[in-house]
Amino acid sequence: MCQREDLGIELEHMEWSDFTSVVDKLDNKENITLTGWGEPFIHPRVFDMIAYCKERGHPVVITSNGLFTKPSMVEDILNSGLDCVTFSIDSVNGNETVVEGHTSSKVYDNIEAVVRGRKNGAPSIRLQATIHSGCENDLYDVIRYGARIGCDVVNVGRLDRQFRPNLKRPDAKEERLIFLKADEIAHAAGIQLDWLQYTVSHGITRFFYKLLRKKLHKSGSYCLKTFDYAYVTREGNVTPCCLLPNSKMGNLLTDNLKSIWQNGKFDHFRENYRDTCGDCDLWTIDQVDTRQTCSPQGQNDPSPQGQLAKVH
C-alpha cells in the first residue's frame with residue numbers, strides 16, 4: 001500500500017551529514033523511527049544511524065519488509081541496540097488470500113531468526129498488517145503466527161486508498177466484527193493486539209484507551225498523529241506525516257524542532273488538517289469513506305530509502 005510512486009518524491013538515501021545534523025537537533029530522548037519510502041535496511045549506513053541515535057539516548061525503532069540483503073543482517077540487527085523491529089506482513093506463508101506484494105518465504109525465516117536470537121526480549125518484535133476486505137483469515141493467521149514464534153505485538157492498520165481507489169477494505173461494521181474476532185484470537189494466543197481504532201497497549205492503559213478512545217480522538221474524527229508526531233525527510237524538511245511530503249512546516253537543518261513544532265503554520269495545519277488530508281482515516285477512530293471497489297495492492301517494495309521519522 002506504500003504510495004511512494006505517487007507522492008512526487010525523489011527516492012534517494014539520506015546523506016550522513018544531514019542525518020547527524022537532524023539527530024543533533026532532537027532533545028529529550030525522542031522516540032525515533034528510522035523508516036521512509038522503501039526498505040530501511042538497504043541504507044548503506046543504517047547501523048551507523050542506529051548507533052548514532054542510541055549514543056544520544058534516543059529509543060530507536062525500524063519498520064522492515066524482512067527481505068534482508070545479506071545473511072549477516074540478522075546478527076547485525078541483534079547487535080545494533082535497536083529497541084523495536086516491526087515487520088510488515090499481511091499473510092502467512094502458504095495460506096495467503098492477499099496475493100499482491102512480495103511473497104518470498106525467506107521473509108518468514110528472517111523474522112523467526114531475529115526472534116530466536118534475542119536476548120532478554122530485546123529488541124521487541126512487532127508484526128504489522130493491513131486488513132483487506134475478504135482477507136480477514138490472513139490477519140487471524142498473522143496473529144497466530146506472531147504468537148507461535150514469540151513476537152510481542154501485532155499491529156493492524158487500515159488500507160490507504162488516496163492514490164489507490166481500487167483497494168478494497170472492510171466497511172465500518174465489518175471492520176468492527178473483524179477486530180472482535182482478532183482480539184479474541186490474540187487473547188487466546190497470548191499476544192498483544194494493537195489496533196488504533198479499537199485498542200492499544202496492555203493492562204490498565206489498554207482498559208482506559210478502549211473506554212476513552214473516542215474522547216481522545218475528539219469524537220472519533222480527529223487525527224491525533226498531528227499532536228505527537230512529525231516526519232523528517234531526507235532533506236531535513238519537517239512534515240506532519242509521511243504521506244504529506246509537500247506540507248513543509250520547517251527545516252531541521254536550519255531551525256530547531258521546538259520552534260517548528262510551535263509555529264503558526266503547524267498550528268494552522270492541526271486545526272484545519274482536513275483541508276490537506278482530505279478523507280484520510282488511517283489514524284482516526286471513525287471511517288471517513290467506506291466505498292468498496294476491487295483488488296488489493298501489495299506493500300513494502302524494497303527500494304532506496306532516506307527518511308527519518310521522529311515519533312512522539
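Student: How many aromatic pairs does a search of the whole structure find?

Tutor: This is a predicted model. A search of the whole of it finds 13 aromatic pairs. Take F68 and F87. Their rings form a tilted pair, 6.2 Å centre to centre, with 50° between the planes. The pair links distant parts of the chain. F68 sits in the loop between β2 (60-64) and α3, F87 in strand β3, and 19 residues separate them.

Student: Are F68 and F87 buried or exposed?

Tutor: Both F68 and F87 are buried. W261 is partly exposed, with a relative accessible area of 22%. F266 counts as buried, at 0% relative accessibility.

Student: Which residues form one aromatic cluster?

Tutor: F41, F47, F68 and F87 form one.

Student: Which residue lies over the face of F266?

Tutor: R270 does, at 4.0 Å from the ring centre. Look also at Y229: K225 lies over the face of that ring, 4.3 Å from the centre.

Student: On to charges. How many salt bridges does the search find?

Tutor: The whole structure holds 15 salt bridges. One of them joins K54 and D83, whose closest N and O atoms are 2.8 Å apart. K54 belongs to helix α2 (residues 46-55), while D83 is in the loop between α3 (73-78) and β3 (84-88). The two are 29 residues apart, and the pair links distant parts of the chain.

Student: What is the relative accessibility of K54, and what is the relative accessible area of D83?

Tutor: K54 has 30% relative accessibility and counts as partly exposed. D83 is partly exposed too, with a relative accessible area of 33%.

Student: Where do the side chains of R158 and D281 meet?

Tutor: They meet in a salt bridge, 4.0 Å from N to O. R158 lies in the loop between β5 (153-157) and α6 (172-189), and D281 in the loop between α11 (273-277) and β10 (308-311), so the pair ties together parts that are 123 residues apart in sequence. Both R158 and D281 are buried.

Student: Which residues are linked with R158 and D281 in a network of salt bridges?

Tutor: R169 and E175 are in that network with R158 and D281.

Student: Give me one more bridge. Which residue forms a salt bridge with K210?

Tutor: D183 does, with the closest N and O atoms 3.9 Å apart. K210 is in helix α7 (residues 203-216) and D183 in helix α6, 27 residues apart. K210 is partly exposed, with a relative accessible area of 36%. D183 is buried, at 18%.

Student: How do I read the cysteines? What is the count of disulfides?

Tutor: Start with the general idea. A disulfide is a covalent bond between the sulfur atoms of two cysteines. Here the count comes to 0 disulfides. Consider C241. Its closest cysteine sulfur is in C242, 4.4 Å away, which is too far for a bond, because the cut-off is 2.5 Å. C241 is buried, with a relative accessible area of 9%. C135 is buried as well, at 7%.

Student: Next, the second largest pocket. How many residues line it, and which lie nearest its centre?

Tutor: Its lining has 26 residues, of which D160, C277, D279, C280 and D281 lie nearest the centre. About 360 Å³ of space lies in this pocket. Helices α8 (225-228) and α11 each supply at least two lining residues. α11 gives the most, with 4 residues. Note D281 again: the salt bridge to R158 involves this residue.

Student: Last, the backbone. Which peptide bond is cis?

Tutor: Most residues other than glycine have a negative phi, and most peptide bonds are trans. In this model, the bond from A122 to P123 is cis, with omega near 0°. P123 is in the loop between α4 (106-117) and β4 (124-130).

Student: What is phi of N120, and what is phi of S201?

Tutor: N120 has a positive phi, near 55°. N120 is also placed in the loop between α4 and β4. Its relative accessible area is 84%, so N120 is exposed. S201 has a positive phi near 65°. S201 is in the loop between β6 (192-195) and α7. S201 is buried, with a relative accessible area of 19%, because the limit for buried is under 20%.

Note on methods
Residues numbered from 1 in each chain as written. Predicted model: local features only at pLDDT ≥ 70, side-chain atom pairs only at ≥ 80, totals over all residues. Heavy atoms only, no water. Buried < 20%, exposed > 50% of the residue type's maximum accessible area, 1.4 Å probe, protein only. Phe/Tyr/Trp six-rings, centres within 6.5 Å; stacked < 30°, edge-to-face > 60°. Lys NZ or Arg CZ within 6 Å of the ring centre and 35° of its normal. 1 Å grid on protein atoms, 1.4 Å probe; cavity = no way out; pocket = protein on both sides within 12 Å on 5 of 7 lines; lining within 4 Å. Points joined across faces, edges and corners; volume = space filled by probe spheres on them.
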